[in-house]
Amino acid sequence: MSLPYKKIVVKVGSNVITQANGLPDEERIKHLVHQLAAIKAEGIEVILVSSGAVASGRSLIQVTEKQDAVTTRQLLAAIGQVKLINTYANFFAEHAIKCAQVLVTKEDFRDRAHYLNMKNCLQILLQHDVIPVVNENDVVSVTELMFTDNDELAGLIASMLNVDALIILSNVNGIYNGDPKVSGSEVIQEIKGSVTNLASFISTGKSQFGRGGMVTKSTMAQKVAKLGITVHIANGTTNDVLTTLLDNKLIHTRFIPEKNKSGKKKWIAHSEATAKGIVQLNNGAKEVLTSGKATSLLPVGIIDIKSDFLKGDIIKIVDEENNLIGLGIAEYGSDKARERIGQKKQKALVHYDYFYSAI
Ligand SMILES: Nc1ncnc2c1ncn2[C@@H]1O[C@H](COP(=O)(O)OP(=O)(O)O)[C@@H](O)[C@H]1O
Ligand SMILES: N[C@@H](CCC(=O)OP(=O)(O)O)C(=O)O
């Protein structure tokens, strides 16, 4: 395999492993497992993030839809996840490979101690030659605690384990420069940096069983690439997709990575939902902080503390129009920060090592 990867995350969307009639596509799963086994045999560590619990549950039980959508999802996922993991376990066993079920919620990524605990669990599985099969724990994830979709979850796992590449398998060949179904549209093969007009040609429609859609997929991919991890979006329903991709012979979309960021910055980057305080900066400070140079956030550039925080909390940093500039760990609490607003020669509120620029 010609791409120089040692550790990868592969994310499989519901559509890839579900037939049009809603039943799990066992032949597809078998074929994917076969490729994963070949990749592992090359000495590459693999973490699999697989959707499909809800779709799999649909094939096992008739739902009356009397209950609300969340309850239906809980019911289907609780039943479907058993079938999904058993299917994987049986096919991996044919290659003498053990796999493990890892079900997570957004809460598991919240504080640093919990985050490191989960990282430790995944690492110990890899050290024992086991392939972790990760999915959201849909049974306990209710609306406000849910990941946008499993692409977000896969991005978090890829960052957490500092992998070389994240491969997202969907039911399209990549991101098209127009509607994928209209002739003339072509796959964008390389995306570098923050391409702001990407959303303009991605229609908001999702595939039959998908949750997030291509817009959230591309936003997540850009963020992960910014942290130093290559992201590939390819068609999981194509035969030999993974092996051809790793041989560098597949037409698909590749997000070129920026310089690799530290583990702590990767964690901060994914912590927006749990950030505690909000600090507003003037335009001068915004320019310096987002210039790419190693600069810390000094009180002289602060114009307002919009919500309180304690020392050690992750805070959101916004500009004069309240747009997010970045996230960082506060070196002191909001009480002290308020006293120092606009003052020169004060200790940095966020040190450069603990600042993530969202721009
Ligand atoms: N410009 C585009 N390029 C590629 N796919 C697009 C584009 N615009 C919309 N899509 C849709 O996004 C879908 C993939 O997203 P999603 O349904 O979330 O898949 P998955 O279940 O694999 O996560 C495709 O099936 C396609 O219909
Ligand atoms: N956790 C859910 C999948 C949610 C999801 O994001 O699906 P998809 O957009 O197909 O990757 C399940 O297993 O059914």
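**Exercise 1. Identify the strands that pair with E5 in this predicted model, and state how each pair runs.**

Solution. 
Step 1. Begin with strand E1, residues 7-12: five bridges join E1 to E5, and the two run parallel. Within this pairing, Ile8 is the residue opposite Ala165 of E5.
Step 2. Turn to strand E7, residues 230-235, which is joined to E5 by six bridges, again in parallel.

**Exercise 2. Determine how many residues of E5 are buried and which way their side chains point.**

Solution. 
Step 1. E5 spans residues 165-170, and six of its six residues are buried, so the strand counts as mostly covered, with under 20% relative accessible area as the cut-off for each residue.
Step 2. Sort the residues by direction: Ala165, Ile167 and Leu169 point one way, while Leu166, Ile168 and Ser170 point the other way. Both groups are buried.

**Exercise 3. Locate Ile325, decide whether Ile325 is buried or exposed, and list its contacts beyond four places in sequence.**

Solution. 
Step 1. Ile325 lies in strand E12, residues 324-329.
Step 2. Ile325 counts as buried because its relative accessibility is 0%.
Step 3. With neighbours within four places in sequence set aside, the contacts of Ile325 include Leu281, Lys286, Thr290, Ile317, Val318 and Asp319. Tyr356, Ser357, Ala358 and Ile359 are also among them.

**Exercise 4. Describe residues 277-350, which carry a UniProt annotation.**

Solution. 
Step 1. The unreviewed UniProt entry annotates residues 277-350 as "domain: PUA".
Step 2. Over these residues the chain is 18% helix and 30% strand.
Step 3. The end C-alpha atoms of residues 277-350 are 12 Å apart.

Definitions and conventions
Residues are numbered from 1 along each chain as its sequence is written. Chains are lettered from A and ligands numbered from 1 in the order in which they are written. This is a predicted model: local features need pLDDT of at least 70, side-chain atom pairs count only at pLDDT 80 or more; totals for chains, interfaces and linings use all residues. Side-chain values use heavy atoms; hydrogens and water are left out. Buried means under 20% relative accessible area, exposed over 50%, partly exposed in between (1.4 Å probe, protein chains only). Two strands pair if DSSP finds at least two bridges between them. UniProt positions are given in the numbering used here, feature names are shortened, and annotations may be inferred rather than shown by experiment. Contact means heavy atoms within 4.5 Å.
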